[in-house]
Amino acid sequence: MGLASYDTVVIGAGLAGLTAALRLAEEGQRVAVLAKGVGATHLAPATIDVLGYAGGAVASPAQALPEFIAANPDHPYRRLFLEPLRASLDWFKTRLADHGYRGGLDENFLVPTAVGVAKPTALVPETMSAGDLRRGGRFVFVGLRGLKDFFPAYLADNLARAPLPGGASVSARAVELAPPLAEAGDVSGAGFARRFEQAEFREAVLQELDRHLVPGEIVGFPAVLGVGNAHEVWHELEAGLGHPVFEVPTLPPSVQGLRLYGTMTGALRREGGRLVVGTTVAGVESSGKRVDAVVAQTGGRPLTYRARSFVLATGGFASGGLQMDSFGTVRETVFDLPVAGLPGPNQPRFEQGYFDEHPISRAGVAVDDNGRPVGASGVPAYENLHVAGATLGGAVPWREGSGNGLSLASGYAAASAILEAAP
């Protein structure tokens with residue numbers, strides 16, 4: 001069995017894990033990230049949703065959070081409010097400066113989703129900012145023949161009917177283009193992104209689209225405007241059309257998520273961090289209240305990773321960080337940590353309606369003020385283990401519109417706690 005030693009080992013390569021790892025690496029720590037796969041970044045838009053809904057759409061997370069936390073005292077935001085949240089957003093905007101993120105805690109953007117819903121979100125990359133619906137306007141959504149994951153007519157029809165705050169008025173229509181695809185019939189979002197990085201393809205799109213536009217329209221493309229140089233593609237389209245241009249997230253896989261993942265993992269490697277994808281943590285070595293090492297199983301042989309600190313960011317039920325068996329028993333899958341927020345033995349775990357708030361939905365690992373896992377007694381299970389992201393209990397991210405915000409803030413907080421405790 002092989003052996004490797006680091007200052008911190010992070011388990012999970014989603015936004016929470018990568019945030020913790022990158023923050024630690026840039027402070028000089030030797031960091032390894034172990035992950036089964038690439039995490040949820042490839043499935044979700046690259047927006048940072050801090051708090052989108054709390055009894056209705058949230059206009060200002062900063063103003064809504066105190067009341068929200070008071071009503072949800074077990075929510076992870078209780079220990080992350082307010083300055084830790086601001087600090088994590090500021091760090092993220094600085095670290096991903098090439099993406100040109102805009103926004104903050106004081107007010108939410110309102111951007112269209114792939115199905116024409118006006119979605120509140122705190123941070124958006126600059127390629128999405130022109131799609132802010134709060135001021136209203138005339139929008140045209142561009143379909144691309146061969147792209148099966150974007151439905152511009154459906155989007156435009158729904159958006160034109162969507163109620164907007166402040167009486168903002170929106171008109172929306174769709175345009176379908178037939179860009180040159182050679183012999184390809186169906187092209188994925190990533191395939192179109194690679195084509196948009198070709199000057200000839202962009203020129204063909206510009207020439208065909210230009211004759212369909214009228215003055216004053218704001219142009220929404222599916223979020224496939226390049227992978228590595230989206231800023232340049234977006235800027236060229238705006239300049240060539242003479243209209244504001246923005247991206248609308250498509251159905252998964254998310255090209256925007258690919259960009260985010262690529263930027264963060266590239267920065268991690270440049271800071272000396274190691275990323276190991278395709279490995280499963282199959283064992284834990286501990287002494288007393290400290291984790292000494294984890295044993296990772298890869299395609300070859302098991303390898304023991306020793307470290308002073310560990311971050312658990314394996315996600316919730318969807319990613320396998322939490323599992324429920326046929327008897328309804330829920331367990332955390334790496335360290336077998338206590339799981340909080342579970343319904344009682346004779347209480348239902350699910351409601352009848354698909355979109356109801358199911359009793360099981362708030363299940364997860366409870367933590368202390370330093371992000372360390374605790375049981376019912378409130379005593380940390382391990383002194384050098386910190387939990388971040390969707391593994392945390394007390395939140396319903398899809399309903400609250402808080403997923404990426406919670407992952408970013410808790411990953412940042414885990415790194416901060418480790419740095420404060422470091423010798």
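Helices H1 and H11 cross in a right-handed sense, where right-handed means that the near helix is turned clockwise from the far one by less than a right angle. The model is predicted; local features need pLDDT of at least 70, side-chain atom pairs count only at pLDDT 80 or more, and totals for chains, interfaces and linings use all residues. Residues are numbered from 1 along each chain as its sequence is written, and side-chain values use heavy atoms, without hydrogens and water.

The axes of H1 (residues 15-26) and H11 (residues 403-421) come within 7 Å and cross at roughly 35 degrees. Axes are lines fitted to C-alpha atoms, for helices over the stretch in contact, and angles run from 0 to 180 degrees between N-to-C directions. Helices (H or I, at least four residues) and strands (E, at least two) are DSSP runs numbered from the N terminus. Contact (heavy atoms within 4.5 Å) involves, among others, Leu-15 and Arg-23 of H1 and Gly-411 and Tyr-412 of H11.

Four strands form an open parallel sheet in the order E8-E7-E9-E10; strands pair if DSSP finds at least two bridges between them. E8 and E10 stand at the edges with a single partner strand each, so one side of each lacks a neighbour in the sheet. The twist averages 30 degrees from one strand to the next.

| Helix | Strands touched | Angle to E8 |
|---|---|---|
| H5 (residues 152-161) | E7, E8 and E10 | about 175 degrees |

Gly-220 of E9 is the bridge partner of Phe-141 and stands opposite Phe-246 in E10.
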